[in-house]
Amino acid sequence: MTAPAPRLLVLGGTAEGRALAAACATRPGLETISSLAGRTSAPLLPHGPVRVGGFGGADGLASFLRSERITAVVDATHPFAATMTDNAVTASAAAGVPLLVLRRPGWTERPGDDWRRVPSIEAAAALLPRLGGRVFLTTGRQTIGAFAGVDECWFLARSVEPPAPPMPARLEVVLDRGPFTVEGERRLLAGHRIDVLVTKDSGGGAAKLTAARDRGIPVLLIDRPPAPAAEQVATVEAALSWLAGLGY
Ligand code: NAP
């Protein structure tokens with residue numbers, strides 16, 4: 001029996017997912033399909049074929065893997081996309097398809113930083129009023145509702161798409177997408193007299209953390225969800241080596 005044609009599914013929505021899809025396009029014989037959740041109206045599209053929208057849970061993803069004859073999956077979703085990653089682990093096992101999780105490393109505190117780590121968005125909202133009154137909120141549109149009851153604080157929230165209610169009463173929204181520069185972040189913090197930054201421990205570009213350190217303001221950092229029960233690498237190069245190990 002001949003081996004099935006190599007067909008890779010990249011679960012994306014990140015710079016790493018796009019970089020991996022672009023790199024895979026140069027591998028002869030390897031077909032790569034990228035998948036996006038469809039959260040943003042004008043997403044940055046990966047190179048090559050792209051499908052958009054949920055699969056319908058782990059069962060839906062397992063059916064997709066079988067019907068599309070997928071032979072390997074790389075989960076390159078954002079470190080906080082925990083539901084998608086859990087589904088990828090379950091579905092890949094059910095369909096007998098090898099899975100790799102590609103996650104950029106989280107951030108590490110440096111001298112001059114004043115970081116408070118919390119386990120969840122809710123814990124961040126509870127602690128926030130004790131740290132500052134003018135907040136730069138960078139945790140994403142879907143999490144703004146968790147801060148709706150924090151009436152002591154004024155918020156500058158940055159997101160790619162406009163947030164929907166519930167929202168904090170005193171809120172200004174800036175619609176923007178990274179990468180951001182340290183100089184730009186410094187200007188934003190100074191211009192709005194920000195005295196505390198709230199962020200997920202997403203990893204990657206750290207301009208806002210550098211700007212917060214320079215201004216001597218505290219950072220409320222939300223810890224990542226637990227690591228998935230799957231093989232994990234931190235770079236696109238390591239993911240390409242894993243694929244090479246499969247013969248792709
Ligand atoms: P999530 O909570 O883990 O996933 C919720 C559901 O959305 C999943 O069960 C799945 O629906 C669908 N989904 C998520 N990612 C998908 C993908 N790449 N392709 C197809 N369906 C997907 O995910 P999330 O945190 O909302 O993130 C959604 C997307 O935004 C991901 O692609 C992620 O990489 C990107 N993103 C997330 C963040 C963040 O902070 N969470 C930041 C930047 C980018 P079904 O169950 O129906 O399959």
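## Arginine residues with positive phi

Arginine 69 is exposed, its relative accessible area being 58%. In this predicted model, arginine 69 occupies the loop between H2 and E4. Its phi is near 50°, a positive value in a residue other than glycine. The residue follows helix H2.

Arginine 193 also has a positive phi, of about 50°, although it is not a glycine. The loop that holds arginine 193 runs between H5 and strand E10 (196–200). With a relative accessible area of 56%, arginine 193 is exposed, because that value is over 50%.

## Helix H2 and its buried face

Helix H2 spans residues 57–67, and its buried residues are Ala58, Gly60, Leu61, Ala62, Phe64 and Leu65. Arginine 69, with its positive phi near 50°, comes after H2 in the chain.

## The pairing of H1 and H7

Helix H1 (residues 15–24) and helix H7 (residues 236–245) have axes that come within 10 Å and cross at roughly 45°. The two helices are therefore oblique to each other, and the crossing of H1 and H7 is right-handed. On the H1 side the contact is made by Glu16, Ala19, Leu20, Ala23 and Cys24, and on the H7 side by Val236, Ala239, Leu240 and Leu243. By class, this contact of H1 with H7 comprises eight nonpolar residues, no polar residues and one charged residue.

Glutamate 16 belongs to helix H1. At 18% relative accessibility, glutamate 16 counts as buried, because the value lies under 20%. Beyond its neighbours within four places in sequence, glutamate 16 is in contact with Ala76, Leu102, Arg104 and Val236.

## The pairing of H5 and H6

The axes of helix H5 (residues 182–191) and helix H6 (residues 207–215) come within 8 Å and cross at roughly 55°. That angle makes H5 oblique to H6. The crossing of H5 and H6 is right-handed. From H5, the contact is made by Val182, Glu185, Arg186, Leu189 and Ala190; from H6, the residues are Ala207, Lys208, Thr210, Ala211, Ala212, Asp214 and Arg215. The residues in the contact of H5 with H6 divide into six nonpolar, one polar and five charged.

## Cysteine residues

Cysteine 24 counts as buried at 0% relative accessibility. Cysteine 153 is likewise buried, with a relative accessible area of 1%. With a disulfide taken as a pair of cysteine sulfur atoms within 2.5 Å, the count comes to zero disulfides.

## Cis peptide bonds

Proline 165 and proline 166 are joined by a cis peptide bond whose omega is about 0°. Proline 166 is found in the loop between strand E8 (154–159) and strand E9 (171–175).

A cis peptide bond also runs from glycine 178 to proline 179, with omega near 5°. Proline 179 is placed in the loop between E9 and H5.

## Serine 41

Serine 41 lies in the loop between strand E2 (31–36) and E3. Its relative accessible area is 64%, so serine 41 is exposed. The C-alpha atoms of serine 41 and glycine 204 are separated by 23 Å, and the two residues are 163 residues apart along the chain.

Note on methods:
Residues numbered from 1 in each chain as written. Predicted model: local features only at pLDDT ≥ 70, side-chain atom pairs only at ≥ 80, totals over all residues. Heavy atoms only, no water. Axes fitted to C-alpha atoms, helices over the stretch in contact; angles between N-to-C directions. Helix = DSSP H or I, 4+ residues; strand = E, 2+ residues; numbered from the N terminus. Parallel < 35°, antiparallel > 145°, perpendicular 65-115°, else oblique. Left-handed = near helix turned anticlockwise from the far one by under 90°. Contact = heavy atoms within 4.5 Å. Nonpolar A, V, L, I, M, F, W, Y, C, P; charged D, E, K, R; others polar. Buried < 20%, exposed > 50% of the residue type's maximum accessible area, 1.4 Å probe, protein only.
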